[in-house]
Amino acid sequence: MTVSAVPAVGALPALSPISASDSASGQAGPSSSGADFGAMVAQGLQRLQQVQDTADDLAVQAATGRLTDVHDYMIAATEASLATSLTVAVRNRALDAFNEIMRMQA
């Protein structure tokens, strides 16, 4: 397997900016941005799974001697580690924000 088989870190989609009217509308109830956020989270978790699957496949190839370039595995393993760390950090921030919202008085 070659380096081109490992998805590039820059392949993640760019986030669109949030306009002031999105947050200042003051409308109650679900909005399309909530659905977009849910879709982004699902896509991020799917991307994390793909990165980890790639690293696992390359680890098996390295262990069985079928991998010619060990650096391909090292790159994939590092990318999987960073993606996992980022996911955990985002989860922790979201949980902290949720807890802070729950502590607010109505």
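Which helix is Leu82 found in? Leu82 belongs to helix H3, which covers residues 70–103. The model described here is predicted.

## Overall layout

The protein chain holds three helices and zero strands. Followed along the sequence, the pattern reads α-α-α. Of the 106 residues in the protein chain, 13% are buried.

Among the contacts in the protein chain with a separation of 6 or more, 74% are between residues 24 or more positions apart.

## Helix H3

Helix H3 has 34 residues. From its first C-alpha to its last, H3 reaches 50 Å, close to the 50 Å expected at 1.5 Å a residue. The residues buried in H3 are Asp72, Ala76, Glu79, Ala80 and Ala83.

## The nonpolar core

Which residues make up the largest nonpolar core? The six residues are Val51, Ala55, Leu58, Leu67, Ala76 and Ala80. H2 and H3 are the elements that give two or more residues to this core. H2 provides the largest share, three residues. Ala76 and Ala80 of this core are also among the buried residues of H3.

Leu58 is found in helix H2. Its relative accessible area is 0%, so Leu58 is buried under the 20% cut-off. Leu58 and Tyr73 are 15 residues apart along the chain, and 5.3 Å separates their C-alpha atoms.

## Salt bridges

How many salt bridges does a search of the whole structure find? The search finds two. One of them joins Glu79 to Arg47, with the closest N and O atoms 3.1 Å apart. This pair links distant parts of the chain, since Glu79 is in helix H3 and Arg47 is in helix H2 (residues 32–64), 32 residues apart. Glu79 has a relative accessible area of 11% and is therefore buried, the cut-off being under 20%. Arg47 is at 15% relative accessibility, so Arg47 counts as buried by that cut-off too.

Arg103 forms a salt bridge with Glu100, and here the closest N and O atoms are 2.8 Å apart. Both Arg103 and Glu100 lie in helix H3, three residues apart, which is about one turn of the helix. At 56% relative accessibility, Arg103 is exposed, because it passes the cut-off of over 50%. Glu100 has a relative accessible area of 41% and is partly exposed, because this value lies between the 20% and 50% cut-offs.

## A nonpolar surface patch

Which residues form a nonpolar patch on the surface? Leu95, Phe98, Ile101, Met102 and Met104 form the patch, and together they have about 550 Å² of accessible area.

Met102, one of the patch residues, is found in helix H3. Met102 has 56% relative accessibility and therefore counts as exposed, the cut-off being over 50%.

In helix H2, Leu58 is buried with a relative accessible area of 0%. Arg47, also in helix H2, is buried at 15% relative accessibility.

Methods:
Residues numbered from 1 in each chain as written. Predicted model: local features only at pLDDT ≥ 70, side-chain atom pairs only at ≥ 80, totals over all residues. Heavy atoms only, no water. Helix = DSSP H or I, 4+ residues; strand = E, 2+ residues; numbered from the N terminus. Buried < 20%, exposed > 50% of the residue type's maximum accessible area, 1.4 Å probe, protein only. Contact = heavy atoms within 4.5 Å. Patch = residues over 30% accessible without salt bridge, like charges linked within 9 Å, V, L, I, M, F, W, Y side chains within 5 Å. Areas by Shrake-Rupley, 256 points an atom, 1.4 Å probe, with all protein chains shown as cover. Salt bridge = Lys/Arg side-chain N within 4 Å of Asp/Glu carboxyl O. Expected span 1.5 Å × (residues − 1). Core = buried A, V, L, I, M, F, W, Y, C linked by side-chain atoms within 4.5 Å.
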